[in-house]
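Trainee: Could we go through this structure together, slowly?

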Amino acid sequence: MTSEPVVRITSLVKRYGTKTAVAGLDLAAAPGITAVLGPNGAGKTTTIETCEGYRRPDEGTVRVLGLDPIADAARLRPRIGVMLQSGGVYSGARAEEMLRHMAKLHAHPLDVDGLIERLGLGSCGRTTYRRLSGGQQQRLALAMAVVGRPELVFLDEPTAGLDPQARRATWDLVRELRADGVSAVLTTHFMDEAEELADDVAIVDAGRVVAQGSPEELCRGGAENTLRFSGRPGLDLGSLIKALPDGSGAAEPVPGSYRISGTIDPQLLATVTSWCAQHGVMPDGIAVERHTLEDVFLELTGKELRA
C-alpha cells in the first residue's frame, strides 16, 4: 500500500440553498479503513457523495486516489467501489443478474458464486430488486460495491438494517478486503462497528471534522480510566489519596461505592489493594472502566437528539 492518503479533503464547503451541509471540512484518509462518524445531519453522506463524484464542491478540493472525482471521473471510476444508502440498483433487475453484470465490467472480479454464498444472497438470486427485503437490498449493494476488486470502496452505513449474522459476515468481508490491500471509507452509526473495523476514525459534527485518530487514540484523549470498587461505607479517603500517585483522586459517590480517578495502571491497582489490606478492607467488585468510543462521540457531539 502507498503511504499517501487515499482520500484528501481540504476546506470542503457544500451548500443546499441557504443550508450549509459541509462547512470547511478537512479530512485525510490513509490506506486501510477509515470510519466517519457523526449525528444525523452532520454532513457525512454529503462528504462521501462528493468524494464519489455525485456532488460538486461549492468550495475546497477533494482528491480520491490523487484524482479529482469529477474532472477525472473516467479514470477514477474503475478503481473505486461505491455502496449507496439507496442501493443504486434498477428496481426491476434480478439480484444475481445485476451482480454478474457488475462483475463483467471489471477485469479481475471476485468470484461471484462465492460472494453470493457468503452474503446469503443465494435464495433471492432470481428475485427482482424491488421485491428484496431491506437487508437483502443492503447485502446486494455491498456485493456490487466490492465485486470488481476496487482499490478503494466507499460504504455508506453498510450494516444498517442487517441482522447480527449478516453484520458479522459484512465485517469479515471488509477485513478480508483490507488484508488484500483494499482501502475503505465507511460511515456508520454503530460505535462497535467502528471499533472493530477502523484503523482511523473521523468524527464529524456541523459539517466539520471535530476529532480524528485511531479508536485507541480517541479513547485515550478523553477522560482517564476509572477504577471502581465497593467496601464498607466511610473509608478514610484522605489516607487513600495520600497513598495514591500524584494527580490521582478518590471519591465515594454513594455510601460504600468508591471511584479512583487518574492514570489507571498496574502500579495504581497494586497501591489500592495494598491500602485496602493495610486498613482491613475487603474490596469487592474491583473494575477498571475505560473510556469508550461512544463516550468520546457523545462528549464531542452532545447527547441531545438530532432530527
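This is a predicted model: local features need pLDDT of at least 70, side-chain atom pairs count only at pLDDT 80 or more; totals for chains, interfaces and linings use all residues.

Trainee: Is Ala 95 buried or exposed?

Mentor: Ala 95 counts as buried because its relative accessibility is 4%, and buried means under 20% relative accessible area, with a 1.4 Å probe and protein chains only.

Trainee: And what does Ala 95 touch?

Mentor: Leaving out residues up to four places away in sequence, Ala 95 touches Cys 124, Gly 125, Thr 127, Leu 132 and Leu 140, where contact means heavy atoms within 4.5 Å.

Trainee: New topic: what is the strand order in the open sheet of four strands?

Mentor: The order is β11-β12-β10-β13, with antiparallel pairing; strands are DSSP runs of E with at least two residues, helices are runs of H or I with at least four, and both are numbered from the N terminus. Two strands pair if DSSP finds at least two bridges between them.

Trainee: Which strands stand at the edges?

Mentor: β11 (249-254) and β13 (284-289) do, each with a single partner strand, so one side of each has no neighbour in the sheet.

Trainee: How many bridges join β10 and β13?

Mentor: Strand β10 (residues 226-230) pairs with β13 over four bridges in the antiparallel sense, and Arg 228 stands opposite Ala 287 in β13.

Notes: Residues are numbered from 1 along each chain as its sequence is written. Side-chain values use heavy atoms; hydrogens and water are left out. Buried means under 20% relative accessible area, exposed over 50%, partly exposed in between (1.4 Å probe, protein chains only).
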